[in-house]
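Please read them alongside the structure.

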Amino acid sequence: MEKILLIEDDKVISQGINLFLTDEGYSITNIYNYEEFKKINLDTIDLVLLDINLPDINGIKLFEEIKKVKNIPIIFLTANDQETNIVKCLDMGADDYITKPFKISILLSRIKLALRRNQNKNIIKIRNLEIDLLKNKVVKNNKEIFLSKVEYRILVILAQDIGVIKGSKEILKELWDTDYDIPNYENTLSVYIKRLREKIEDDPSNPVIIQTIRKKGYVINEK
C-alpha cells in the first residue's frame with residue numbers, strides 16, 4: 001500500500017482528500033503545519049501532497065527541505081494559479097501543480113501518474129533482480145535479499161551503467177568518492193564482488209549478472 005503525506009492547513013479539504021484516497025487504497029497521513037512535519041519519517045512516505053500557503057512555513061521552502069532528505073514525488077496543491085508560480089515550482093522539480101478548486105478524480109489521476117513515473121525512474125530490473133533505488137533494497141525472485149552497504153553500492157554503480165565495463169580502480173574510486181590511489185585495489189574489489197555474487201547469482205561460480213571482463217573489469221550486460 002502506497003503511503004501519501006498530505007500537508008494542508010485547511011482541515012475540511014484535508015479530511016475530504018483523506019477519505020477519498022483511503023477508499024482508493026492509499027494510506028494517508030494528514031498534517032497541518034511545519035511543527036507536525038518535523039515529526040514525520042520520510043522514509044515511510046511514497047508521495048507528498050503539499051499546500052504552498054502553510055501557516056508557519058512557505059510551501060516552496062518546505063519542498064526544498066523535503067528534497068534534501070529524500071527524492072520523493074511532490075505535488076503542489078494551491079489556490080495560487082499565477083503562471084510564474086507554476087513554472088517556478090515545476091522548474092524546481094515538482095511532479096505536478098494542481099490549483100484549487102480541483103476535481104478529486106483529477107488529483108487521483110495525477111497521483112497515479114507521479115507514482116508510476118517515480119517507480120520507473122527508481123527501479124532497475126536485471127534478470128531476476130530488482131533494485132529499488134528509492135528504498136535502497138534489492139529483491140531477487142520477489143524476495144528481498146540483504147546486502148552490506150558496500151555490496152549494495154557496488155551493484156548500483158554497475159547497474160546504473162548497463163553494458164559499460166568498469167575497471168576495479170574506477171569502481172572503488174566511485175564507491176569511496178576519492179581520487180587517491182587505492183592499494184591492492186584489484187584484490188580488494190574482487191573480495192566484494194565474490195560476496196555480492198554469492199547473494200545475487202543463482203550460481204556464483206558461473207555468474208551471469210556481474211560478468212568479469214579479463215584485464216578490463218566488470219560489467220552488467222542485460223536488464
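1. Just after helix 1, Gly-25 adopts a positive phi of about 100 degrees. The helix and strand labels used throughout are DSSP runs, numbered from the N terminus (H or I and at least four residues for helices, E and at least two for strands).

2. On provenance, this is a predicted model, in which local features need pLDDT of at least 70 and side-chain atom pairs count only at pLDDT 80 or more, whereas totals for chains, interfaces and linings use all residues. Residues are numbered from 1 along each chain as its sequence is written, and side-chain values use heavy atoms, with hydrogens and water left out.

3. Helix 1 comprises 13 residues (11-23) and reaches 18 Å from its first C-alpha to its last, close to the 18 Å expected at 1.5 Å a residue, where the expected span is 1.5 Å times one less than the number of residues. At its N-terminal end the cap is Asp-10, with a side-chain oxygen 3.1 Å from the backbone nitrogen of Val-12; a polar contact here is a pair of N or O atoms within 3.5 Å, one able to donate a hydrogen and the other to accept it, and residues adjacent in sequence count only if both atoms are side-chain atoms.

4. Which residues of helix 1 are buried? They are Ser-14, Ile-17, Asn-18 and Leu-21, buried meaning under 20% relative accessible area, exposed over 50% and partly exposed in between (1.4 Å probe, protein chains only). These residues lie on the same side of helix 1 because they cover an arc of only 105 degrees around the axis, the arc being that of the directions from the helix axis to the C-beta atoms. On the other side of helix 1, Val-12, Leu-19 and Asp-23 are exposed.

5. The buried residues of helix 1 pack against several elements, among them strand 1 (3-7), strand 4 (74-78) and helix 5 (104-122).

6. Strand 4 pairs with strand 5 (residues 96-99) in the parallel sense over four bridges, and pairing requires that DSSP find at least two bridges between the strands.

7. Ile-154 belongs to helix 6 (residues 149-159) and is buried, its relative accessible area being 0%. Leaving aside neighbours within four places in sequence, its contacts (heavy atoms within 4.5 Å) include Ile-171, Leu-175 and Tyr-192.

8. In helix 7 (residues 168-176) the buried residues are Ser-168, Ile-171, Leu-172 and Leu-175. Their directions fall within an arc of 95 degrees, so they line one face of helix 7.
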